[in-house]
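Please read them with the structure open.

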Amino acid sequence: MYPATPHGAALRGARVPHTPVLPRLRAALRRRWREAQRAAAMNVSTGTVKRGRA
């Protein structure tokens with residue numbers, strides 16, 4: 001059986017990689033910026049352009 005841990009507490013030795021906050025924030029900002037650039041290039045409002053290839 002697995003030892004009981006409170007919600008959100010990591011098990012010792014668990015293989016969940018902890019991503020630092022700054023790179024995640026930077027990636028999210030870059031994604032938003034790229035989406036805004038694509039929307040502007042296509043003359044549509046932001047939020048209507050799909051990310052990736054669709």
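1. A residue counts as buried when its relative accessible area is under 20%, as exposed when it is over 50%, and as partly exposed in between. By that cut-off, 6% of the 54 residues of the protein are buried. Please keep in mind that this is a predicted model.

2. The accessible surface of the protein amounts to about 5,600 Å². Carbon and sulfur atoms account for 57% of that surface.

3. What secondary structure does the protein have? There are one helix and zero strands. The helix, α1, covers 21-41. With 21 residues, α1 reaches 30 Å from its first C-alpha to its last, which is close to the 30 Å expected at 1.5 Å a residue.

4. Which residues make the nonpolar surface patch? V21, L22 and L25 do, and the patch has an area of about 290 Å². Of these, L22 lies in helix α1. L22 has a relative accessible area of 53% and is therefore classed as exposed, the cut-off for that class being over 50%.

5. A patch of positive charge on the surface is formed by R26, R30, R31 and R34. R26 belongs to helix α1. Is R26 exposed or partly exposed? Its relative accessibility is 45%, so R26 counts as partly exposed.

6. Just after α1, the backbone at N43 deserves a look: N43 takes a positive phi of about 55°, although N43 is not a glycine. Most residues other than glycine have a negative phi. N43 sits in the segment after α1 and is exposed, because its relative accessible area is 71% and the class begins over 50%.

7. T46 is also placed in the segment after α1. How far apart are T46 and A36 in space, C-alpha to C-alpha? The distance is 5.7 Å, while in sequence T46 and A36 are ten residues apart. T46 has a relative accessible area of 55%, so T46 is classed as exposed.

How values were computed:
Residues numbered from 1 in each chain as written. Predicted model: local features only at pLDDT ≥ 70, side-chain atom pairs only at ≥ 80, totals over all residues. Heavy atoms only, no water. Helix = DSSP H or I, 4+ residues; strand = E, 2+ residues; numbered from the N terminus. Buried < 20%, exposed > 50% of the residue type's maximum accessible area, 1.4 Å probe, protein only. Patch = residues over 30% accessible without salt bridge, like charges linked within 9 Å, V, L, I, M, F, W, Y side chains within 5 Å. Areas by Shrake-Rupley, 256 points an atom, 1.4 Å probe, with all protein chains shown as cover. Salt bridge = Lys/Arg side-chain N within 4 Å of Asp/Glu carboxyl O. Lys, Arg positive; Asp, Glu negative; His and termini not counted. Charge placed at Lys NZ, Arg CZ, Asp CG, Glu CD. Expected span 1.5 Å × (residues − 1).
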